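Here is a short briefing to read alongside the structure. Take a look at the model first, and then let's walk through a few of its features together.

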Amino acid sequence: MSTTDEAPAAGQAAKLTVATLTAMVVGSMVGAGVFSLPRRFSEETGVAGALIAWAVAGTGMLMLAFVFQSLAVRRPDLDAGVYAYAKAGFGEYLGFFSAVGYWASACVGNVTYWVLIMSTIGSVAPALGEGDTALAIVLSTAGLWAFFFLIRRGVKEATAINRIVTVAKIVPILVFIVLALFCLKPHVFAENFGGADYAGSLFHQVRGTMLATVFVFLGVEGASVYSRHAKRREDVGRATLLGFISVFCVFASVTVVSYGILPMSEIAELRQPSMAGVLEAAVGTWGRVFVSVGLIVSVLGAYLAWTLMAAEVLFVAAKDDDMPRFLRRSNRADVPVPALLMTTLLSQIVLVVTAFSEDAFNFALNLTSALSLIPFLLAAGYAVKVAVGRGGADRSPRPGRELTVSIIATVYTAFLLYAAGPKYLLVSLIIYAPASVLFVMARREQSRRLFSPGEAVILAVSVAGAVVGVIALATGWISI
């Protein structure tokens, strides 16, 4: 298999239609998160808090979806979405940070898929535990590398599989919603409305669910990340909105109907995937089996989509000279193999780390969300610059609408950083700071100055945060 420094010509590459791009968005969003929603929400909030949380998250993420739709049309010259927008708006080093954060978020998110698969099988094979035993890690490792070899065969084959899997994964979720509605107990739903005693104030309940909503909405930007393969740039925006709206309806429905089956305190104690436990309580054992099979199909499809997007971000950043040159190599099937290899390796490392976590699934889920927030904030901030005419694009025909949308998206992502709290931000910096070695390698290859004064300040802050994070972990101030 030969490799080149550049991707194949446009005529050789797989060109994606709006239907395929939408499937990739839905495929990347509908994964481990939706099957864990009942327990995740019941641990924090009742029905009232859940409705407010979904209203906030839905509005904020819709604004982000509009941001990606607008930028795809206004700046069609920028590939790989999140990373490219951060670089165009705030310089090479913050663009690099965005690429690393988005890539690392995808890698950590992939680990949640394997943990949840093993936890699901663990309900009938106790040796797998909650997905964090030695046997579970060995089997997950085998899955990681099996997908590496599958994806290496070609983007076209991988996206075709993803379209099929996306349809297959939606069916059990829709069946769950319909059955839960038929079995809904009004008195249980009413009792869950205000939340259990442990939930705290309404604001505390809503804040506690924010990282969970971020996790399940990751992937809304998927079409823009893979934009270089789109037939038309307009298809990127259409796929983003279609994917978001359809998935939002599914996520909110799964959460709300679950409150009508069991008291929230009992849902909070269910084994993950909690959706299986809820349906079992409604219709019997076959409900758990049905959801468990659907979960495995869903998660494997989401893993495929996220691995593709993670490798794509590294590949495009390398083509733009923001990553070392070895990451810009691709094979004859247009697959960036070195970037794919690094993606699999980081997922492997995080998978091993989860063995030392108190709750492997929740740790990986929250870290995934936290890592994605800086890239999202930078993309939203760049949209503000474009809206005011400072982002390198022609003046918008509707500048007022664009500015309003981008400001709301920016405020929303800033609030999410606050909601994440210091723990996951510090752990995120432990990943961000060492990754700057790749930036140094790229600059040395180009015989350029390593850091400008402004970039040196950003580096110093990230390194200081990483040191504090390591000390906090070592002293027990924070734990994983």
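Helix 6 passes helix 15 in a right-handed crossing. Please keep in mind that this is a predicted model.

**Helix 6 and helix 15**
- Helix 6 spans residues 134-151 and helix 15 spans residues 285-319; their axes come within 11 Å and cross at roughly 60°.
- Helix 6 is therefore oblique to helix 15.
- On the helix 6 side, the contact is made by L144, F147 and I151, while helix 15 contributes L300, Y303, L304, T307 and L308.
- Sorted by class, this contact has 7 nonpolar residues, 1 polar residue and no charged residues.

**The largest nonpolar core**
- This core holds 133 residues, and F251, V254 and M323 touch the most other members.
- Helix 5 (residues 92-122) supplies the largest share of the core, with 18 residues.

**Two loop residues with positive phi**
- Most residues other than glycine have a negative phi, which makes the next two worth a look.
- D321 is not a glycine, yet its phi is positive at about 70°.
- D321 is found in the loop between helix 15 and strand 2 (330-331), and it counts as partly exposed because its relative accessibility is 31%.
- S447, also a residue other than glycine, has a positive phi near 55°.
- S447 lies in the loop between helix 18 (399-445) and helix 19 (453-475), and with a relative accessibility of 69% it counts as exposed.

Definitions and conventions:
Residues numbered from 1 in each chain as written. Predicted model: local features only at pLDDT ≥ 70, side-chain atom pairs only at ≥ 80, totals over all residues. Heavy atoms only, no water. Core = buried A, V, L, I, M, F, W, Y, C linked by side-chain atoms within 4.5 Å. Buried < 20%, exposed > 50% of the residue type's maximum accessible area, 1.4 Å probe, protein only. Helix = DSSP H or I, 4+ residues; strand = E, 2+ residues; numbered from the N terminus. Axes fitted to C-alpha atoms, helices over the stretch in contact; angles between N-to-C directions. Parallel < 35°, antiparallel > 145°, perpendicular 65-115°, else oblique. Left-handed = near helix turned anticlockwise from the far one by under 90°. Contact = heavy atoms within 4.5 Å. Nonpolar A, V, L, I, M, F, W, Y, C, P; charged D, E, K, R; others polar.
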